[in-house]
Amino acid sequence: MKNNLQKLTILLFSFIIVNTGHAEKYIGAPSKSNAQLKEASAGCSPATSYRFLDINNVRARINTGGDMWWDLQDISQYFIPKEGTATSLFASALWIGGLDINDQLKLAALRYRQVGNDYWTGPLTVDGTAAVDAEVCANWDKHFVMT
């Protein structure tokens, strides 16, 4: 029993040392600045437009920025029944991922718009750069109703 306890202690100590050494290169690492995020979005402002999806006795807010069911502050806007004031969900967002040609995972996701923004309104260029500019973003920050 004492031998097993010693082995467990050594294993745990080794694990802590290895993890500490691995984490050191990330501690104090600079995060993306606002300038870097703005550069990645071609100067686009975050999407602000929204509409309410009103179907099947549900009234739910859908934002153009990839997130839904909340007012971008702290109020849920997913109502069942649609005339009521009760909300059953607070927020949700699109998470879309896939592998590129080099089998590298690419992911666009939102976490309450707290850690960057992966969704911008408007079409991307087809010249290989997949770029968008501020004017295109502003012109496409709206919903299109389909029937």
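Reply: Let us start with Trp95, which is exposed because its relative accessible area is 54%, and the cut-off for that class is over 50%. Please bear in mind that this is a predicted model. Trp95 sits in the loop that runs between strand E5 (92–93) and strand E6 (96–99).

Me: Which residues form a nonpolar patch on the surface with Trp95?

Reply: As a general idea, nonpolar side chains in soluble globular proteins tend to be buried together. In this structure, however, Trp95, Leu99, Leu105 and Leu107 form a nonpolar patch on the surface, and together they have about 500 Å² of accessible area.

Me: Which residues make up the largest nonpolar core?

Reply: That core has 5 residues in all: Val58, Ala60, Met68, Trp69 and Tyr78. Tyr78 illustrates how a contact list is read. Once neighbours within four places in sequence are left aside, the contacts of Tyr78 include the core members Val58, Ala60 and Trp69. Tyr78 is also in contact with Arg59, Ala86, Thr87, Ser88 and Leu89.

Me: Is Asn63 buried or exposed?

Reply: Asn63 counts as buried because its relative accessibility is 5%, where the class requires a value under 20%. This residue belongs to strand E2 (residues 58–63). Leaving aside neighbours within four places in sequence, Asn63 is in contact with Ser49, Tyr50, Met68, Trp70, Leu72, Arg113 and His143.

Me: How many salt bridges does the structure hold?

Reply: The general idea is that side chains of opposite charge can pair when their charged atoms come close. The structure holds 3 salt bridges. In one of them, the side chains of Asp54 and Lys82 meet with an N to O distance of 3.3 Å. This pair links distant parts of the chain, 28 residues apart: Asp54 is in strand E1 (residues 50–55), and Lys82 is in the loop between strand E4 (78–79) and E5. Asp54 is partly exposed, at 46% relative accessible area, and Lys82 is partly exposed as well, at 26%.

Me: Which residue forms a salt bridge with Asp67, and where does each partner lie?

Reply: The partner is Arg113, and the closest N and O atoms of the pair are 3.0 Å apart. Asp67 is buried, with a relative accessible area of 3%, whereas Arg113 is partly exposed, at 22%.

Me: What is the N to O distance between Lys106 and Asp100?

Reply: The side chains of Lys106 and Asp100 meet in a salt bridge at 3.8 Å. Both residues fall in the partly exposed class, Lys106 with a relative accessible area of 49% and Asp100 with 25%.

Me: Which residues form a disulfide, and how is the link described?

Reply: A search of the whole structure finds 1 disulfide. Cys44 and Cys137 form this link, with their sulfur atoms 2.1 Å apart. The link is right-handed, with 75° about the S-S bond. Cys44 lies in the loop between helix H2 (34–40) and E1, while Cys137 lies in helix H3, so that distant parts of the chain, 93 residues apart, are linked. Both cysteines are buried.

Terms used:
Residues numbered from 1 in each chain as written. Predicted model: local features only at pLDDT ≥ 70, side-chain atom pairs only at ≥ 80, totals over all residues. Heavy atoms only, no water. Patch = residues over 30% accessible without salt bridge, like charges linked within 9 Å, V, L, I, M, F, W, Y side chains within 5 Å. Areas by Shrake-Rupley, 256 points an atom, 1.4 Å probe, with all protein chains shown as cover. Salt bridge = Lys/Arg side-chain N within 4 Å of Asp/Glu carboxyl O. Helix = DSSP H or I, 4+ residues; strand = E, 2+ residues; numbered from the N terminus. Buried < 20%, exposed > 50% of the residue type's maximum accessible area, 1.4 Å probe, protein only. Contact = heavy atoms within 4.5 Å. Disulfide = S-S within 2.5 Å. Core = buried A, V, L, I, M, F, W, Y, C linked by side-chain atoms within 4.5 Å.
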